[in-house]
Amino acid sequence: MNILLVGGGGREHALAWKMVQSKLCDKLYAAPGNPGVAQVAECVDIQDGDIAGIVKFAKENQIGMVVVGPEEPLAKGMADAVRAEKILCFGPSADGARIEADKAYSKNLMRSAAVPTAEARIFTDLQSAKNYVLSRDHGVAIKASGLAKGKGVFVCPEPYQAVKPLEDIMEGKIFGDAGKTVVVEEMLTGQEASILTLCDGKTIYAMEPLQDHKPIGDGDTGPNTGGMGAYSPVPIVTDDVMMRIEREILVPIVDCMRREFGRYEGILYAGLMFTAGGPKVIEFNCRFGDPECQPLMMRLKSDLVEAMIAVCEHRLDEITLEWDPRAAVCVVMSSGGYPDTYAKGYEITGIAEAEALGNDIKVFHAGTAMQGGKLVNTGGRVLGVTALGENIAAAQKRAYEAVAKIHWKDCYYRKDIGSKAIR
């Protein structure tokens, strides 16, 4: 079939790279794509938020399946609009996407499903929120309830530290309408893991676990970003732990959503904190993680398109995925200054040299563009340099060998991606 991939980031490059390997993919289009995606797909000039444009293109080009990468189009109902035209769509409905797009709604959903998560209060009034955090004895996490591109969370070990983020979000409107409502949670401590599952509304298929690195600085210091790197597998997620996650978290939340609005279809991503009391949900997302998708696709040996079609046709129970036993590490190379202000338009060199190191290395494009015949940085997160290795240490070594080949002015990356898993 012809397939249309919606999005233009590192996640979409990884998906495109994997999807074109499928025997079921005749032609892959991407809207809008990026220079990396353009190596394997035909990019079309339609923005990922243009629902009418996506539907029109899909109808005119005999698209058999639309795969929606980012969360915002899903939250706005892109999957609903595509399915209304009797075209397969990989991604949840607008109702399903609320689990990510509305953290207050998600928190209440978890409560009703008895899913283990941080204690929380929801506020729409700034003064009430400030009074509450200042009455606390322990640290809190402040979250904008709406979509904030992975940057809407502030972890405050001391309660007084929460006052400024609350003011910035609710009064300063740094995330616009996404911050009209805030969720104030108890601060959880422990290691994190990302569990991405395929879901067709009835069957849940958990993929290999990953660990993301949100803070900008080594040792998990500094402000949160969209993600500075990821690795897989995660030693703390044993088979017994995964069974517990499925039993206590995944099955209850999918059952709850089915009662609430019907089938949840696509990716259900559980971001977990492994506390002394067991795994607790930090957040749910409605799509592949970025950069988690990059190491996940490197390790996936099965046909991704076949699995996606099975989800769309509600027969996920027929699918078994095979994984490369090797570990994968993805190091995100970003523009200097990210997640705050950063300069764009610097020429990027060395990608070919990095990939020439071996078939176990792939450089995925995120914030890049071609300008005047040169590849330049256009976003905060620019490249996801991903490598396979016999274990996490070997994969980490290979990834940083590749990173060392790539250059542009003021580029920045963490030096410790994967180190938590190396003993």
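Predicted model: local features only at pLDDT ≥ 70, side-chain atom pairs only at ≥ 80, totals over all residues.
Residues are numbered from 1 along each chain as its sequence is written, and side-chain values use heavy atoms, with hydrogens and water left out.

Back to that pocket. On a 1 Å grid over the protein atoms alone, a pocket is an open set of points with protein on both sides within 12 Å along at least five of seven lines, whereas a cavity is a set of points where a 1.4 Å probe fits but cannot get out; lining residues have an atom within 4 Å of a point. Grid points are joined across faces, edges and corners, and a volume is the space filled by probe spheres set on the points. The second largest pocket comes out at about 150 Å³. Its lining includes Met-207, Pro-233, Met-242, Arg-299 and Trp-323. One of these, Pro-233, sits in the loop between strand S15 (229-232) and helix H9; helices (H or I, at least four residues) and strands (E, at least two) are DSSP runs, numbered from the N terminus. Pro-233 is also joined to Ser-232 by a cis peptide bond, with omega about 0°.

Searching the whole structure turns up 3 cavities of 30 Å³ or more. Among the lining residues are Ile-99, Lys-103, Glu-185 and Phe-284. The second largest cavity has a volume of about 50 Å³. By class, 9 of its lining residues are nonpolar, 2 polar and 1 charged, and the list includes Leu-15, Gly-69, Cys-286 and Arg-287.

Ile-99 and Phe-284 turn up again in the nonpolar core. A nonpolar core is a set of buried Ala, Val, Leu, Ile, Met, Phe, Trp, Tyr and Cys residues joined through side-chain atoms within 4.5 Å, and buried means under 20% relative accessible area, exposed over 50%, partly exposed in between (1.4 Å probe, protein chains only). The largest core has 75 residues, and Val-66, Ile-99, Ile-253, Phe-284, Leu-383 and Ile-406 touch the most other members. Helix H9 (residues 239-260) gives the most to this core, with 8 residues. A second, separate core of 43 residues includes Leu-15, Leu-196, Leu-198 and Ala-328. In soluble globular proteins, nonpolar side chains tend to be buried together. Leaving aside neighbours within four places in sequence, Ile-99 is in contact (heavy atoms within 4.5 Å) with residues including Tyr-105, Ile-253, Met-257, Phe-284 and Cys-286.

What about the cysteines? The search finds 0 disulfides in the whole structure, a disulfide being a pair of cysteine sulfur atoms within 2.5 Å. For Cys-256, the nearest cysteine sulfur is that of Cys-199, 13 Å away. Cys-256 is buried at 4% relative accessible area, and Cys-156 is buried too, at 3%.

A few backbone details are worth a look. Most residues other than glycine have a negative phi, and most peptide bonds are trans. Even so, Ala-31 and Pro-32 are joined by a cis peptide bond with omega about 0°, and Pro-32 belongs to strand S2 (residues 27-32). Asp-220 is not a glycine, yet has a positive phi of about 55°. Asp-220 lies in the loop between strand S13 (215-217) and strand S14 (221-224), and is partly exposed, with a relative accessible area of 31%. His-314 also has a positive phi, near 60°. The loop between helix H11 (304-312) and strand S18 (327-335) holds His-314, which counts as partly exposed at 34% relative accessibility.

How values were computed: Nonpolar A, V, L, I, M, F, W, Y, C, P; charged D, E, K, R; others polar.
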